[in-house]
Amino acid sequence: MFINNFDPVAIEFFSIEIRWYSLSYIAGILLGWFLAKRFLKDKDIYARFDDYITFVIIGIILGGRFGYVLFYNLSFYIENPFDIFKLWQGGMSFHGGVIGIIIATILFAKKNNDNIFEYLDVIALVSPIGIFFGRLANFINSELYGHETNLPWGVKFIKIDDLYRHPTQLYEAFFEGFVLFLILLFCRKIEGLKNAGILSSLFLIFYSIFRFTIEYFRVPDEQLGYLILNATMGQMISVLFLLAGILLFYSKINAQKKS
């Protein structure tokens with residue numbers, strides 16, 4: 001068993017603090033950007049991808065923040081609306097970030113008369129990299145931790161209590177980050193899965209399955225607890241994303257068969 005007593009502040013310069021969470025966003029975006037450019041080097045959208053990334057970053061921030069507000073803590077922010085803009089206090093929703101990216105992509109692709117899914121597919125392919133770094137930062141911050149466990153890899157989060165818990169952040173980093181990245185890389189090479197939009201659908205499907213399953217080991221958000229059928233908010237949204245992924249997959253496969 002292990003003890004987590006990490007300092008969430010990576011660098012402190014006078015009164016300025018640079019936190020691991022911020023660095024995880026930067027690392028995920030930069031590495032994802034670099035790999036995406038390599039994957040797109042033979043595509044027509046390659047020349048416009050740098051401009052597109054600006055839209056993606058805005059979509060991640062706005063979607064992630066407003067997703068958290070709407071899905072996880074609406075009553076609090078209705079009473080404290082100015083706190084919505086206090087991003088340094090934390091509170092981002094992955095699902096909200098995905099919605100933000102989709103909206104940003106629609107706007108950018110239509111502006112340039114491009115296929116929306118050519119952008120979304122490459123973002124889907126590199127997103128697990130950002131997820132991986134983000135979940136490691138969650139682990140360092142002692143947030144999104146799991147239920148008590150006696151398993152040998154249980155972790156005691158000193159900032160929380162004296163119990164050994166499932167390190168669900170690391171579960172998510174491994175499955176939603178590392179494993180999902182390998183799955184998408186493999187699927188990208190399959191001839192029958194190369195139609196634009198299929199990779200995006202597979203991302204939604206596999207991410208949702210991993211997230212839904214790992215949520216069983218994770219302590220639900222304190223302000224929400226368990227909801228319908230003892231499901232967490234993360235599980236409920238994951239089901240919707242899973243259904244969307246399945247519908248998109250079959251629509252793209254059928255379109256590919258007809259072409």
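Which residues in α1 are buried? In the predicted model examined here, local features need pLDDT of at least 70 and side-chain atom pairs count only at pLDDT 80 or more, while totals for chains, interfaces and linings use all residues. Residues are numbered from 1 along each chain as its sequence is written, and side-chain values use heavy atoms, with hydrogens and water left out.

Helix α1 comprises residues 20-39; helices are DSSP runs of H or I with at least four residues, numbered from the N terminus. Its 20 residues reach 28 Å from the first C-alpha to the last, close to the 28 Å expected at 1.5 Å a residue, where the expected span is 1.5 Å times one less than the number of residues. Within α1, the buried residues are S24, G28, G32, L35, A36 and K37; buried denotes under 20% relative accessible area, exposed over 50%, and partly exposed in between, with a 1.4 Å probe and protein chains only. These buried residues pack against α2, α5 and α6 (168-188), contact being defined as heavy atoms within 4.5 Å. K37 also lies over the face of Y46, at 4.1 Å from the ring centre (a charge sits over a ring if NZ of Lys or CZ of Arg is within 6 Å of the ring centre and within 35 degrees of the ring normal).

The structure holds 22 aromatic pairs. Rings of Phe, Tyr and Trp (its six-membered ring) pair if their centres lie within 6.5 Å; planes under 30 degrees apart count as stacked, over 60 as edge-to-face and the rest as tilted. The rings of Y52 and Y119 are tilted because their planes stand at 45 degrees, with centres 4.5 Å apart. This pair links distant parts of the chain, Y52 belonging to helix α2 and Y119, 67 residues apart from it, to helix α5 (residues 116-140). Y52 has a relative accessible area of 0% and is therefore buried; Y119, at 0% relative accessibility, is likewise buried. Together with F49, F55 and F108, Y52 and Y119 form one aromatic cluster.

Helix α2 (residues 49-72) also contains R65. R65 is buried yet has no salt bridge, the nearest side chain of opposite charge, D83, being 7.2 Å away. Lys and Arg count as positive and Asp and Glu as negative, whereas His and the chain ends are not counted; a salt bridge requires a side-chain nitrogen of Lys or Arg within 4 Å of a carboxyl oxygen of Asp or Glu.

In helix α6 is found R188, which is partly exposed because its relative accessible area is 27%.

Notes:
Helix = DSSP H or I, 4+ residues; strand = E, 2+ residues; numbered from the N terminus.
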